[in-house]
Amino acid sequence: MPQTVKGVIARSKGADVELVDVVVPDPGPGEAVVQVQSCGVCHTDLHYREGGINDEFPFLLGHEAAGVVESVGAGVTDVAPGDFVILNWRAVCGQCRACAKGKPWYCFNTHNAKQKMTLTDGTELSPALGIGAFIEKTLVAAGQCTKVDADADAAAVGLLGCGVMAGFGAAVNTGGVGRGDSIAVIGCGGVGNAAIAGATVAGATTIIAVDVDDRKLAGARSFGATHTINGKDEDVVERIRELTGGFGADVVVEAVGRPETYEQAFYARDLAGTVVLVGVPTPDQQVTLPMIEIFGRGGALKSSWYGDCLPSRDFPMLVDLYRQGRFDLDAFVSERIGLGDVEAAFDKMERGEVLRSVVVL
């Protein structure tokens, strides 16, 4: 029988979010209903509320989540009722050309639940990133559920569902940072700090954090930054070169998504170094670079979407590192809030007061 539960929606562009009744259908073939235990308040949810993703209102917000599988539909074998899972927004198909080449993290045919959750009047909801987890129970494709150790704190490990995985993966999966490498991370919010933490785990020895907020730079040191640069006070490119023997960093992660910071990343890397763009730009932004510089510097200019992660591979590994005390996911949790506090959490996010507010249910 369909269930009616409480969830947080954005009904129209720019309007405050609302806590409403949502109807969750029974899972169909390949689907699962998950009892949500935690969901981080991510900037992407704010983009949805502001109409920055698309205009398919009303949106059921929330996507950075963990919980327990309540029920599954026909044909589901990878998870079962009672499993503790982290939700992801890229359920791989296993059949497209990327999957066939053994690179499922690039899957070109990811999918979500086919059924829609609705308001009580039948209005269909658009779930944020195909999840919609600011809710007591949500309907997802079973492939969006990754089983992990049930002893882990849901509020912490749920953050792997988006921001933390994006940052860690940008440094480690996309950037390939390793033992003895140098890395600079421009932008020290949740994603940037996750890149710093990932570089620490991977064995980088020079980890440079760049931001324009001294509070964020102080936080970056707690995640493993060995040096900090305030971009308001210093020439970012020259300072990164000074800290890397005059050469530039092996890897530069741009976690802001702006042309000016991307140019800094481009010029702050060593010859044959790698630039990784993980900050999300707006559609109108453009960057202009001399082609001779692109040719002459060699290396690679990459973008990182979801940290080039494969949830079935990366989530359990990172949870193990967390439980071993080697990857401090707890440090990303600034506060624990209720479903009715999401709008206030957006305000704190915009003021730079939190890394992550996490809804706990």
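**View 1. Strand 11 and strand 12 lie side by side in this predicted model.** Across the pair, serine 182 faces threonine 206 of strand 12. Strand 11 comprises residues 182-186, and five bridges connect it to strand 12 in a parallel arrangement.

**View 2. Strand 12 is covered on both faces.** In a regular strand, side chains alternate between the two faces of the sheet. On one side of strand 12 are Thr206, Ile208 and Val210, and on the other are Ile207, Ala209 and Asp211; all are buried. Thus six of the six residues in this strand, which spans residues 206-211, are buried.

**View 3. Strand 12 also pairs with strand 13.** Four bridges link strand 12 to strand 13 (residues 227-230), and the two run parallel. Aspartate 211 has asparagine 230 of strand 13 as its bridge partner. Together with helix 6, these two strands form a β-α-β unit that is right-handed.

**View 4. Helix 6 is shown with the residues that flank its ends.** After the helix comes glycine 224, which has a positive phi, near 125°.

**View 5. Glutamate 64 is a buried residue of strand 5.** Strand 5 covers residues 64-72. The relative accessible area of glutamate 64 is 1%, and the residue is therefore classed as buried. Its side chain makes a polar contact of 2.7 Å with the side chain of arginine 356. The glutamate 64 side chain also reaches the backbone nitrogen of glycine 163, at 2.8 Å. Residues that glutamate 64 touches, leaving aside those up to four places away in sequence, include Ser38, Cys39, Val41, Leu159 and Cys162.

**View 6. Cysteine sulfurs are shown in a model with zero disulfides.** A disulfide is a covalent bond between the sulfur atoms of two cysteines. Cysteine 309 has a relative accessibility of 5% and so counts as buried.

Terms used: Residues numbered from 1 in each chain as written. Predicted model: local features only at pLDDT ≥ 70, side-chain atom pairs only at ≥ 80, totals over all residues. Heavy atoms only, no water. Polar contact = N/O pair within 3.5 Å; in protein donor to acceptor, adjacent residues only side chain to side chain. Buried < 20%, exposed > 50% of the residue type's maximum accessible area, 1.4 Å probe, protein only. Contact = heavy atoms within 4.5 Å. Disulfide = S-S within 2.5 Å. Pairing = 2+ DSSP bridges. Right-handed = clockwise from strand over helix to strand, strands pointing away.
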